[in-house]
Amino acid sequence: MIYEGFVAITEDKLFKRIKSAVGRAIGDFNLISEGDRIAVAVSGGKDSYTLLHILEELRRRAPVKYKLMAINIDSGYPGFRADIIAEHLQEHGFRHHMEKTDHFGIISAKRRPGSSYCSICARLKRGALYSLAQEHGCNKLALGHHLDDFIETLLLNQFFVGSLKAMSASMLADNGVTTVIRPLVYVEERDIINFSRTNRFPVVCCCCPVCGKADQQRKRMKSLLAELEKDNPTIKRSLLKALANVHPRHLLDNGLMKKQAFSPAG
């Protein structure tokens, strides 16, 4: 038993698979280095709980020393149970900070009719997370985006935006200070769902006004991938591999073409 009340055990295949995938991502993308102080964004959802617990288990056995701090942003939506999240973090001994904001009031006052609720909420949360990471001396911010998020974002951008991009496993944030890392890049959502259920993580709804109604396009991507998986069970892995196997010469980006033309190898 890893923690009292945390039922994943080292012999459990699912736990081993997720831990191995996260460890591989850390190695492949150099996500964690000696002395890192990592703020882990914990929303109260299955993904962020899984990320936090796996990073803590790896930390206990890692050849490099790093520290974790859980950070939660309470956007001020009526009914949001930040206390449940805080109780879980305290029960398992995580250093944590619970930040109460009035993002709900700001969104209600500033959002233009017809504009995306999720978009402005995400921007506000991102800004708050970057600020808190700095305030608490954290040089990195870990987010719980998993393999499915990467693939769905790739498809959404291709289908509806007209761009060939997804997410990065590691990137410098817009503030030029904080490095954002996504250690769950190799972990499928289905494994996170089962892991969360097995460990009875106290999942908390964000309670925003569009919860369950927004992101319809992402849901369509999930349905599309589920349908394609019936004929090709490895399609998600193949699409993820494609993100790391880019051939600029065979794309239509003029900027990339010019870089290729003037490169020494060109």
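Guide: Glu57 and Arg61 lie four residues apart in helix 2, about one helical turn from each other. They form a salt bridge, with the closest N and O atoms 2.2 Å apart. Glu57 is buried, at 1% relative accessibility. Arg61 is exposed, with a relative accessible area of 54%.

Helix 2 covers residues 46–61 and also holds Glu56 and Arg60, again four residues apart, about one turn of the helix. These two form a salt bridge as well, with the closest N and O atoms at 3.3 Å. Glu56 is buried at 9% relative accessible area. Arg60 is partly exposed, at 46% relative accessibility.

Now a pair in the strands. Asp74 and Lys100 meet through their side chains in a salt bridge of 3.5 Å, N to O. Asp74 belongs to strand 2 (residues 67–74) and Lys100 to strand 3 (residues 96–100), so this pair ties together parts that are 26 residues apart in sequence. Asp74 is buried, with a relative accessible area of 9%. Lys100 is exposed, at 59%.

Salt bridges link Lys46, Asp47, Glu152, Glu189, Arg218 and Lys222. Across the whole structure, the search finds 18 salt bridges. The model behind these values is predicted, and side-chain atom pairs count only at pLDDT 80 or more.

Definitions and conventions: Residues numbered from 1 in each chain as written. Predicted model: local features only at pLDDT ≥ 70, side-chain atom pairs only at ≥ 80, totals over all residues. Heavy atoms only, no water. Salt bridge = Lys/Arg side-chain N within 4 Å of Asp/Glu carboxyl O. Helix = DSSP H or I, 4+ residues; strand = E, 2+ residues; numbered from the N terminus. Buried < 20%, exposed > 50% of the residue type's maximum accessible area, 1.4 Å probe, protein only.
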